[in-house]
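Work through these exercises with the sequence and the 3D view open. Try each task before you read its solution.

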Amino acid sequence: MVMRKSLSRTVLAFMLMPGYSALSDDDLKMKDVSSVTDSKQQQTLLTIDRIFDAKEFELKDYSARWIEGTSSYTLLAEVNDDKDHHEIRRYSAATGEYKTLVAKEDLIPEAESTPLEIDDYELSDDQSKVLVYTNAQRVWRKNTRGDYWLFDCSTRQLVKLGGAGEPATMMFAKFSPDATQVAYVRNRNIYLQDLSDLSQRCLTVSDNENIINGTTDWVYEEEFQVRDGFRWSPDGKRIAYWQIDTSDVDQFPLVNNTDSLYPEVTWFAYPKVGQRNPACQIGVVDCESGNNQWILTPGESHEYYIPRMDWAESSEELVIQQLNRLQNCNQLFLADVNSGEVTPILKEEDAAWVDVHNELFWLDDGNKFIWISERDGWRHAYLISRNGEESRLLTPGDYDVIKLLQVDEKRQCFYFIASPDDPTRRYLFRGSLDGSPAIKLTAPETVGVHDYQFSDDAKWAIHRTSHADWPGHTALISIQEFQTVRMLEENEIVAESVRKLDLNPVEFFRVDIGDGIELDGWCMTPPDFDPRASYPLLIYVYGEPAGTTVVDQWGKSNHLWHFMLSQKGYVVMSFDNRGTHVPRGRDWRKSIYKKIGILPPKDQAAAVRAVLKERPYLDSKRVGIWGWSGGGSSSLQAIFKYPDLYSTAIAVASVPDQRYYDTIYQERYMGLPETNAEAFQEGSPINFAQNLEGNLLLVHGTGDDNCHYQTLELLIDKLVACNKQFSLMAYPNRTHAIKERENTERHLRELMTRYLLQHLPVNE
């Protein structure tokens, strides 16, 4: 087993002084000292209250946005440390000086006394106007519906857009390129508002709730992250948009039993694996005439997806990505917006699936573009001609481009994130447009994760970094010199609280599970760790292709909760099995194809057996596992399929039966159930519930629109039929996040902690 330790940290330990019963002057002095020592010891220990209630470790987000074509950025800044009120500032990267564009006082509507709360904002291209988004309401995962106000930077006037209708009904409002109009979505249609006279008109037609224009349905939003579903043309004369038709998609109910005398039922279209999908097409509407042109993408609209669409560096053509239903072929089209005709220019195919991405950068006045592909077994950048006939590999080598960040055409280079030698870390590289080997810019001695937000001219970047033992900071760097210019957010208060904690550094290592396969992992040990003692082992798992758990970065509240458990006497570990989304090549990631729920639990169990053998201080009779969503499913797989190995499991928001999950996700990785029935059977934990022997806690939100409570009830029914005892916590009306309503997050973590202390005891 190969080990790598994080940066060491000074561990502070404070001993309690004994108290005294007599109340002499000397005793009082001693009690004062004891009180101080108690306080110091409290600072070294993590608690549920400190993590989830007091929010003591909550980091500030330096949410800057570069202004296109400039070396300036905007920032939503607190006014006098008031978290409830903000102002919008414009900063110069070169000097650090700022000008207030929109002050708190500017945001007080007429006849009101308090300023608007800014949930989001957008500057016009000429920086003369600002769109302020407020009163944000949740639509599925994100707060994407609310009110929009127009602020004129010259006249200092504040005007509400959208007319005098119901509040919080507008979505995705955006300036036209010349800032004379604003387009937005309301009630499934795209509207246009003239900013000179505030007149409005509807550009699309949707006469029923199944036709959605300018935004998307549940499954496109969840699995393709398409929410904002329309794009202004560069010349401002047209708007291209998604239209989704869910007429033939079966409906799923969410039942609210707590907010009224009788239950309230919300129905929404949810295509389950193997069932009818929504139809999708792309329309282009002329903003002056209102005429609409449909793009003539080939095939049956229910049997393909359009996960990406944008203008192709032109006001006459769109670039569209079209996936077949199995998602093993991604066709890139150029679409003529006048005729609707499409021209295929690129095709990505894979024996498993093709990942959709946004990393497309136009060069040479639209004659070339940079594109990401796994065609040679690694995730690489390619330079492609506009017609697709010429292609050049830009990042040769056996490593993955994790994220393409920026292209600097003037200097004939581009920037990307990669980690060729250690998939748990993230570093910045500079590549050349001639395809010569890339250069690592992040200093060799640094650890952790590094991300960079580039200015439009690629001269500056906002650098965010952290590692598993440090909450990190945000700095401004000069790209040409690659030097830090100034710190932007040090999070020093949180960092100081972390420094006072009694913790061991997180250990990163690899574990050999046989057949030449090594998994990356991390380990947290108790502060007073003794290798001669015996400790319970808790595994944190995800295990599916959509994510990873073993990354050398600060993990916020979940990370702190694991630290807290280590302070209580647990050894906490996590492993990234084959198939997880890590930069170890195409074969590693796609080895899981048609094996969800089959290969991952096998790898996880092999890793646990290996560490139990190699680390005598781990008690093989006290092994627990927990996870959320796909990790909840993985936890069920573990305790059902390996009852001799795992004694305790906590499954949060799981999917016990894959046949009940949505089409886009499940079919991408498993194919269709009619052609892969045996794998769907073997990969669904509900079919192994009869093997339960240990302790199982099931946790679910009854309002989970993603992983439905229905599937948990199926599992409950199966466990009861098999006479298997288990524990259950259902959180009424909570979604997949299980954090809505008062005290929910704290209650959940206390529940989980108590369950572990009872069923996976630390002192045996």
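**Exercise 1. Cysteines**

How far is the sulfur of Cys-280 from the closest cysteine sulfur, and in which residue is that sulfur?

Solution. Keep in mind that this is a predicted model.
Step 1. The closest cysteine sulfur belongs to Cys-329, and the gap is 16 Å.
Step 2. A disulfide needs two cysteine sulfur atoms within 2.5 Å. The sulfur of Cys-280 is therefore too far away for a bond.
Step 3. Cys-280 has a relative accessible area of 1%, so this residue is buried.
Step 4. Now take Cys-287. The nearest sulfur to that of Cys-287 is in Cys-202, 12 Å away, and Cys-287 is in no disulfide. Cys-287 is buried too, with a relative accessible area of 4%.
Step 5. Search the whole structure. The count of disulfides is zero.

**Exercise 2. A salt bridge across the sequence**

Which parts of the chain does the pair Glu-374 and Arg-589 tie together?

Solution. 
Step 1. Opposite charges on side chains can pair when the charged atoms come close.
Step 2. Check the distance. Glu-374 and Arg-589 form a salt bridge, 2.9 Å from N to O.
Step 3. Glu-374 sits in the loop between β26 (368–373) and β27 (380–385), while Arg-589 belongs to helix α6 (residues 586–590), so the bridge joins parts 215 residues apart in sequence.
Step 4. Glu-374 has 14%, so it is buried. Arg-589 has 5%, so it is buried as well.
Step 5. Widen the view. A network of salt bridges links Asp-350, Glu-374, Asp-400, Arg-586, Asp-587, Arg-589 and Lys-590. The structure holds 43 salt bridges.

**Exercise 3. Two further pairs**

Are the partners in the salt bridge of Asp-422 and Arg-425 buried or exposed?

Solution. 
Step 1. Asp-422 and Arg-425 meet at 3.9 Å, N to O. The limit for a salt bridge is 4 Å, so the pair counts.
Step 2. Both Asp-422 and Arg-425 are buried.
Step 3. In the bridge between Asp-530 and Arg-532, the closest N and O atoms are 3.1 Å apart.
Step 4. Asp-530 has a relative accessible area of 24%, so it is partly exposed. Arg-532 is exposed, at 76%.

**Exercise 4. Check a helix**

What span should helix α12 (residues 744–759) have, and what do its end C-alpha atoms show?

Solution. 
Step 1. Count the residues: α12 has 16.
Step 2. Multiply 1.5 Å by one less than the number of residues.
Step 3. Look for buried residues in α12. Among them are Leu-748, Met-752, Tyr-755 and Leu-756. Arg-746 and Arg-749 are also buried.

**Exercise 5. Two annotated spans**

What are the helix and strand contents of residues 124–471?

Solution. 
Step 1. Read the record. An unreviewed UniProt entry lists residues 124–471 as "domain: Dipeptidylpeptidase IV N-terminal".
Step 2. Residues 124–471 are 2% helix and 49% strand, with end C-alpha atoms 34 Å apart.
Step 3. For residues 564–760, the unreviewed UniProt entry gives "domain: Peptidase S9 prolyl oligopeptidase catalytic".
Step 4. Residues 564–760 are 41% helix and 17% strand, and their end C-alpha atoms lie 15 Å apart.

**Exercise 6. Loops**

Where is Ala-458, and is it buried or exposed?

Solution. 
Step 1. Ala-458 lies in the loop between β33 (449–454) and β34 (460–467).
Step 2. Its relative accessibility is 1%, so Ala-458 is buried.
Step 3. Check the backbone. Ala-458 has a positive phi of about 60 degrees, although it is not a glycine.
Step 4. Turn to Lys-410, in the loop between β29 (401–408) and β30 (413–418). Lys-410 is exposed, at 73%.
Step 5. Link the two. Lys-410 and Ala-458 are 48 residues apart along the chain, and their C-alpha atoms are separated by 9.6 Å.

Methods: Residues are numbered from 1 along each chain as its sequence is written. This is a predicted model: local features need pLDDT of at least 70, side-chain atom pairs count only at pLDDT 80 or more; totals for chains, interfaces and linings use all residues. Side-chain values use heavy atoms; hydrogens and water are left out. A salt bridge is a side-chain nitrogen of Lys or Arg within 4 Å of a carboxyl oxygen of Asp or Glu. Helices (H or I, at least four residues) and strands (E, at least two) are DSSP runs, numbered from the N terminus. Buried means under 20% relative accessible area, exposed over 50%, partly exposed in between (1.4 Å probe, protein chains only). UniProt positions are given in the numbering used here, feature names are shortened, and annotations may be inferred rather than shown by experiment.
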